[in-house]
Each structure stands twice: as structure tokens, then as C-alpha cells.
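Dear colleague,

I am handing over the structure we spoke about, and my notes on its pockets, aromatic rings and a few single residues follow below it. Please read them with the model open.

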Amino acid sequence: MAYFPFFTDLTGGRGLIVGGGQTALGKAERLLAFGPALTVVAPEVLPALADLPRVTVLRRAFRASDLDSGLTFVIAAADDRQVNRLVSAYCKAKGIPVNVVDEPEDCTFLFPALVRQGPLTIGISTGGTSPGAAIWLKEQIAGLLPDSLGDILDWLGSQRPVVKARIEDPEQRKKALTRLFARGLEQDGPLSEAETSAALTELLGEG
């Protein structure tokens, strides 16, 4: 079954990770880059995981009461499959999105292989059929992207108000932003203020 790739703002959200080993550490490191606060519950927790920013550690076994209604998501990454399945069952009953490591049938969302440059995030999923294939695709896609892409996209974001103020028609604005993106790729980086103004003047046929 294919999964629809929702992109969610996790800034300020709250996540729970059940498990304190290497797998939990890897999940936490990737998630923290997107802004949530995490609680880790496990009898034993790796020091590297406990030392991460915005991580609260509860060194004990998982309890059903750990699943409160304020959680944005849950990751079940315990070494015990029965614990993970119990977490999944509780989350499904409460309507909390849950990912169970290596058990796609117990998940309500999957953890994709990620390609990230600045504001660009590409998530790759094979529906749980082959994580190895997803990693291979991630490496292929990452190799195709210019190193300057993140900087170009950050710059384009800063230019949206400028373009909106200068161009009233939505379709013309879309065309202008596409042109600026292409120019940025051509010179492998953001345009200067003068270059941006000249590109917009050329597009609008002014001057």
C-alpha cells in the first residue's frame, strides 16, 4: 500500500519515543531538526540520547498514562516487540499518530528516508517494503541536487513579498518566481538585489 506524504509543521509539537537505544537515538536526531520537544521513556537510555537538546528522559518502563492528548506523535522503538505493539494499540485507540520501528502493519505513519537542504525536504517511502531501496533513492536524489539549492530557496522565500508587491497578477508572480529560481540555478547561488530587480524588469518588459 502506498502512503500519502503529508508534510507537517512539528515546531513546538510534543513527541514521545518509547525506547532508549541506538534506533531511538537515530529517530530523535532526525526529528529534533524539525523543532519538536521529545520525551524518551525507557528503563535504560543511551547517554548520547539523554544529552540531546529538548529531550526529557523518563528512566522507567512505558505506561499507558504516558500517552496524553497533547502528543503530536509517538515512536515505538523499544527492544521488546510486545511493548512496541502495546504502544501501537494504545495510540490507535487514542487517535495518536504512531510509528513502530520495523513493523509497518503496526504504524499509522511511516518514517521516510529524508533528503534535506535548507527549507527543502524530500521524503522517500516504499510503504515499508524496502527501507534499503528508500535509502538508495535518497542517495541518488541527494547526488543530483546542487550544493547551493538550500541558499537559493532561502533567498526565494525572502523575495516573495518583493515580487508580490511588484506584480499583482498571481500567474505572473508564479512565472516571475520560477524565472528567479532558474537564474539562481544558472549562477549557482542567490541573485544580488540589483540582479533580482533587473530580472523582474526584464520579465515585465519594463525599462
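Which helix and strands each supply at least two residues of the lining of the largest pocket? They are helix H1 (22–32), E4 and strand E7 (120–124), where helices (H or I, at least four residues) and strands (E, at least two) are DSSP runs numbered from the N terminus.

Before the details, please note that this is a predicted model, in which local features need pLDDT of at least 70 and side-chain atom pairs count only at pLDDT 80 or more, while totals for chains, interfaces and linings use all residues. Residues are numbered from 1 along each chain as its sequence is written, and side-chain values use heavy atoms, with hydrogens and water left out.

The largest pocket has a volume of about 850 Å³. A pocket here is an open set of points on a 1 Å grid over the protein atoms alone, where a 1.4 Å probe fits, with protein on both sides within 12 Å along at least five of seven lines, and lining residues have an atom within 4 Å of a point; the volume is the space filled by probe spheres set on the points, which are joined across faces, edges and corners. Of the 27 residues that line the largest pocket, Phe 6, Phe 7, Phe 109, Leu 110 and Pro 112 are the closest to its centre. E7 provides the largest share of this lining, three residues, and by class the lining has 18 nonpolar, eight polar and one charged residues, counting Ala, Val, Leu, Ile, Met, Phe, Trp, Tyr, Cys and Pro as nonpolar, Asp, Glu, Lys and Arg as charged, and the others, Gly among them, as polar.

The second largest pocket, with a volume of about 510 Å³, is lined by 25 residues, of which Lys 27, Asp 102, Phe 111, Pro 112 and Pro 131 are the closest to its centre. Helix H4 (131–144) gives the most to this lining, with four residues, and the classes are 13 nonpolar, seven polar and five charged. The charged end of Lys 27 sits over the ring of Phe 111, 4.1 Å from its centre (NZ of Lys or CZ of Arg within 6 Å of the ring centre and within 35 degrees of the ring normal). Asp 102, in the loop between E5 and E6, is exposed, with a relative accessible area of 69% (exposed means over 50%, buried under 20% and partly exposed in between, with a 1.4 Å probe and protein chains only), and its phi is near 65°, a positive value in a residue other than glycine.

The structure also holds two aromatic pairs (ring centres of Phe, Tyr or Trp, the last by its six-membered ring, within 6.5 Å; planes under 30 degrees apart are stacked, over 60 edge-to-face and the rest tilted). The ring centres of Phe 4 and Phe 6 are 4.9 Å apart with the planes at 65°, so this pair is edge-to-face. Phe 62 and Tyr 90 form a tilted pair, 6.3 Å centre to centre with 45° between the planes. Phe 62 lies in the loop between strand E3 (55–58) and strand E4 (73–76) and Tyr 90 in helix H3 (residues 81–94), so the pair ties together parts that are 28 residues apart in sequence. Phe 62 counts as buried at 15% relative accessibility, whereas Tyr 90, at 33%, counts as partly exposed.

With best wishes
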